Amino acid sequence: MVPSVPLAAQWIKELKSVLPALGISEPQCGIFHGSRKEDPEQDYLVYVLNSARHAIARHILADMKQGYHVLLIMDECHRCASPENSRIFDFLNQEAGSSGAMLRRYHSLGLSATIRPEDYETVLKPALGKEIYRYRFADALRDGYVSSFSIYHIGLSFSAQELREYSDLSDQMSALYRQLVSWYPSIKQLGSSRLFSVLRKIARDEGEDSLAAFYLNLAYKRKGVGCYHSQMTPQAKKNTLAAYRDGIYRILVSCKGLDEGIDVPEASVGIVLSGSSVSRQRIQRLGRILRRKEGKSACLYYLYVRESSEDGSFLADPDGIFPVCDLSYSALEDDFCHPAYEKSAAELLNACQQNGLSGCQQAELRRCLLTGLTRPDWLESPGRCAALITAARNQRTRNYWIAMKKLAEKRELLSPGL
């Protein structure tokens with residue numbers, strides 16, 4: 001079970017690649033979604049969540065009644081904790097009152113790159129079993145299963161007019177929230193993501209004229225809304241991803257369509273403009289650029305507005321396993337500011353000037369240092385920079401990596417082991 005058609009295609013491709021190595025020649029791998037619902041009697045069938053939530057429980061129950069053992073693998077299993085999606089597990093409820101003999105033929109494996117959802121204890125754990133293994137970023141980096149990466153936080157500022165509009169919307173939301181709390185006291189204890197989930201349910205129950213609906217509309221207006229998106233046809237999505245993988249498209253723009261599971265190892269730079277407060281979505285978006293490819297170092301740029309309610313940190317990193325750089329952007333000067341980098345770069349430039357660097361050489365060094373301002377290259381090891389100097393195909397690239405190597409050596413001298 002997977003959440004999207006492109007992810008289903010990836011699973012089928014991998015199954016056909018892996019199963020023959022296990023002694024299963026020419027495995028028949030079907031797909032079940034939309035208008036393409038292939039025979040559920042096949043040994044291997046990949047279901048797409050929205051299309052199959054009403055059918056898979058019947059199929060599993062029928063197989064077990066015939067004496068077959070069933071292995072259900074749920075990719076992005078956190079999706080199945082919602083009331084609607086949890087209907088996938090209806091077959092467990094139907095058999096709960098029986099002797100349980102059939103349920104001994106049911107086996108499961110849930111996969112997710114995110115933290116436990118709210119209904120983990122009440123839905124996922126009873127249906128899929130307890131958590132048996134956790135693989136952390138630090139482990140994946142150490143073992144070489146994901147690309148090395150760094151994160152840039154880029155603080156933006158509102159214009160004076162935008163700040164007035166944002167403050168006005170915030171004041172309206174605060175007044176509405178106080179009124180909502182007086183009507184629904186329990187919401188006061190809810191976190192941000194859970195609050196919006198509850199308010200959406202209230203709005204559905206009470207209609208678009210409800211106070212909850214009005215609050216949500218203000219929240220969406222304050223947040224603002226903007227390719228690859230949900231309104232594209234499946235074939236259009238497939239063509240777009242194929243063109244990106246083949247290098248025809250250099251840039252892929254998406255809303256939430258690429259959040260989960262899509263394999264694009266060619267992607268090395270991610271730019272996140274959405275101020276989502278949900279850790280799951282943030283981890284998923286980072287995951288899109290971490291697919292391993294030889295020689296790749298990934299970089300994610302997270303843009304947020306300093307004067308807004310958006311979080312200034314993309315992901316918490318208590319273990320310090322990935323470099324994080326804080327930048328700001330001035331629309332007035334159309335320029336980025338990175339204090340730590342600029343301090344180190346200025347010291348390097350000053351030292352080179354004192355060592356008698358010519359005017360032309362100084363100009364070239366400034367160019368290289370300006371290029372590195374919005375890149376994570378100065379955080380590479382001196383050894384890695386030296387290898388890139390050797391591999392450079394032209395003098396400009398070679399000069400750039402020489403500058404980055406000097407910054408890296410300076411950083412390691414001041415902070416050994418960073």
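This report describes strands, helices, aromatic pairs and backbone features of one structure.

## Basis of the description

The structure is a predicted model, in which local features need pLDDT of at least 70, side-chain atom pairs count only at pLDDT 80 or more, and totals for chains, interfaces and linings use all residues. Residues are numbered from 1 along each chain as its sequence is written, and side-chain values use heavy atoms, with hydrogens and water left out.

Helices (H or I, at least four residues) and strands (E, at least two) are DSSP runs numbered from the N terminus. Two strands pair if DSSP finds at least two bridges between them. Buried means under 20% relative accessible area, exposed means over 50%, and partly exposed lies in between (1.4 Å probe, protein chains only).

Strands of a sheet pair through backbone hydrogen bonds, either parallel or antiparallel. Two bridges connect β1 with strand β2 (residues 36-37), and here the strands run antiparallel.

Phe32 has a bridge partner in each neighbouring strand: Tyr47 in β3 and Lys37 in β2. Gly30 stands opposite Leu45 in β3. β1 and β2 form a hairpin with two residues between them, and Gly34 in the turn has a positive phi of about 45°.

Strand β1 (residues 29-33) is largely enclosed by the rest of the structure, because five of its five residues are buried. Cys29, Ile31 and His33 point one way from β1, while Gly30 and Phe32 point the other way; all are buried.

## The five-stranded sheet

A further open sheet has five strands in the order β7-β8-β6-β9-β10, again with mixed pairing. β7 (269-272) and β10 (335-337) stand at the edges with a single partner strand each, so one side of each has no neighbour in the sheet. From one strand to the next, the twist averages 25°.

Within this sheet, strand β6 (residues 148-156) and strand β8 (residues 297-305) run parallel and are joined by nine bridges. The bridge partner of Ile154 in β8 is Leu303.

## Helices

Helix α3 (residues 56-65) has seven of its 10 residues buried, so this helix is largely enclosed by the rest of the structure. The buried residues in α3 are Ile56, Ala57, His59, Ile60, Leu61, Asp63 and Met64. Just after α3, Gly67 takes a positive phi of about 95°.

Helix α12 (residues 339-354) packs with helix α13 (residues 359-371) at an angle of about 165°, and their axes are 11 Å apart. α12 is therefore roughly antiparallel to α13. Angles under 35 degrees count as roughly parallel, over 145 as roughly antiparallel, 65 to 115 as roughly perpendicular and the rest as oblique. Axes are lines fitted to C-alpha atoms, for helices over the stretch in contact, and angles run from 0 to 180 degrees between N-to-C directions. α12 passes α13 in a right-handed crossing; a crossing is right-handed if the near helix is turned clockwise from the far one by less than a right angle, and left-handed if anticlockwise.

## Aromatic side chains

A search of the whole structure finds seven aromatic pairs. Rings of Phe, Tyr and Trp (its six-membered ring) pair if their centres lie within 6.5 Å; planes under 30 degrees apart count as stacked, over 60 as edge-to-face and the rest as tilted. One of the pairs is formed by Phe91 and Tyr106, which are edge-to-face at 5.1 Å centre to centre, with 75° between the planes. Phe91 lies in helix α4 (residues 90-95) and Tyr106 in strand β5 (residues 106-111), so this pair ties together parts that are 15 residues apart in sequence. Phe91 is buried at 0% relative accessibility, and Tyr106 is buried with a relative accessible area of 12%.

Tyr302 and Tyr304 form a stacked pair, 5.8 Å centre to centre with 20° between the planes, and both residues are buried. Arg375 lies over the face of Tyr400, 5.3 Å from the ring centre. A charge sits over a ring if NZ of Lys or CZ of Arg is within 6 Å of the ring centre and within 35 degrees of the ring normal.

## Positive phi outside glycine

Glu26 has a positive phi of about 45° although it is not a glycine. Glu26 is placed in the loop between α1 (5-18) and β1 and is exposed, with a relative accessible area of 70%.

Glu76 is likewise not a glycine, and has a positive phi of about 55°. Glu76 lies in the loop between β4 (70-75) and α4, and counts as buried at 5% relative accessibility.
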